[in-house]
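Here are a few notes to go with the model. Keep it open while you read, and look up each residue as it comes along.

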Amino acid sequence: MVTSMTGHGQATVEREQVRVAVEIRSVNSRYLKTSVHSELGSTAIAKIESLVKQKIHRGTVSVRVKTVYLDDSKLYRLNESAIRQYWLQLTEIAGSSQHVNVEAILQLPGVVDETNLGDVDQSMLEVINDSVGEALDRLNRMRQVEGDAMKVDMMENIGKIDQALAGIKKLAPRVAIQYSERLTERINRMLAEFDVTVSPSDVVKEVGFFADRCDISEETMRLGSHLEQFSVVVEQPTPGKKLDFLVQEMLRETNTIGSKANDSDIARHVVEVKTCIERIREMVQNIE
């Protein structure tokens with residue numbers, strides 16, 4: 001099953017006076033890399049990274065989490081004991097003739113306790129779990145749609161390679177024959193011009209050497225096998241790394257065919273094959 005490593009998903013879950021908004025973006029990478037941007041503490045961040053790991057296997061994943069308390073009273077708490085102590089001391093110092101500024105007291109250390117967003121309880125973890133899970137599901141749906149499109153494109157190119165390979169196989173036997181004809185023609189000219197003799201066995205031996213050097217039957221067989229394997233692997237879960245290896249092997253066999261087959265028509269087929277392989281390679285780089 002082909003899944004793109006590029007995608008975007010977001011979700012917002014609101015529950016128990018808390019709203020958690022999550023945005024997830026992913027791009028291609030050789031391995032899984034997760035970064036969480038949030039004011040949440042290590043416990044919540046570890047939970048988010050675990051959720052990502054369960055649903056994504058490769059790619060650079062960026063998760064942004066924003067937590068909003070709908071009830072502002074939960075964000076702040078007045079420390080009555082500290083206020084009372086400040087008030088008593090200030091009034092004692094100022095005396096009855098001076099007024100003590102309440103706003104000034106509120107700015108003193110320890111008077112107002114702010115809720116630490118890093119401290120999350122089980123209910124908060126459940127909200128985070130739901131919002132991150134929903135964002136991941138939307139991200140993966142987008143990645144799947146793009147992956148399906150890439151799969152169609154790749155298989156079309158595999159079909160074109162298969163057609164070009166059939167043309168190469170058809171042309172391959174004539175290479176040695178044409179070389180034999182050219183060699184015989186040159187020898188006949190030499191015989192007529194320089195009055196030399198050449199043994200027919202020497203001609204046959206030379207043609208045999210050439211045929212062995214330009215034999216591409218093994219390379220075409222392996223390339224055909226790689227095409228069949230590609231069609232099988234592309235249906236497997238997270239096939240990206242295997243497909244990347246197959247593409248490298250396909251290109252290697254094609255380059256060998258191009259260097260060994262001394263024929264202009266075969267060379268044109270080789271160019272077509274390499275063009276299709278390059279298109280596939282670019283897509284494979286973005287497959288999970």
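1. Let's start with alanine 82, which sits in helix α2 (residues 80-94); helices here are DSSP runs of H or I with at least four residues, numbered from the N terminus. Alanine 82 is buried, at a relative accessible area of 18%. Buried means under 20% relative accessible area, exposed over 50%, and partly exposed in between (1.4 Å probe, protein chains only). From alanine 82 to isoleucine 105 you go 23 residues in sequence, and the two are 9.5 Å apart in space, C-alpha to C-alpha.

2. Before going on: this is a predicted model, where local features need pLDDT of at least 70 and side-chain atom pairs count only at pLDDT 80 or more, while totals for chains, interfaces and linings use all residues. Residues are numbered from 1 along each chain as its sequence is written, and side-chain values use heavy atoms, with hydrogens and water left out.

3. Now find helix α1, residues 42-55. Which of its residues are buried? They are Ala44, Ile48, Leu51 and Val52. Seen down the axis of α1, the buried residues fall within an arc of 100° (taken from the directions from the helix axis to the C-beta atoms), so they line one face of the helix. The face turned away from that buried side carries the exposed Ser42, Thr43, Lys53 and Gln54.

4. Last, glutamate 253 in helix α7 (residues 240-260). Is glutamate 253 buried or exposed? Buried, with a relative accessible area of 1%. Leaving out residues up to four places away in sequence, glutamate 253 touches Glu219, Arg222, Leu223 and His226, where contact means heavy atoms within 4.5 Å.

How values were computed
Helix = DSSP H or I, 4+ residues; strand = E, 2+ residues; numbered from the N terminus. Expected span 1.5 Å × (residues − 1).
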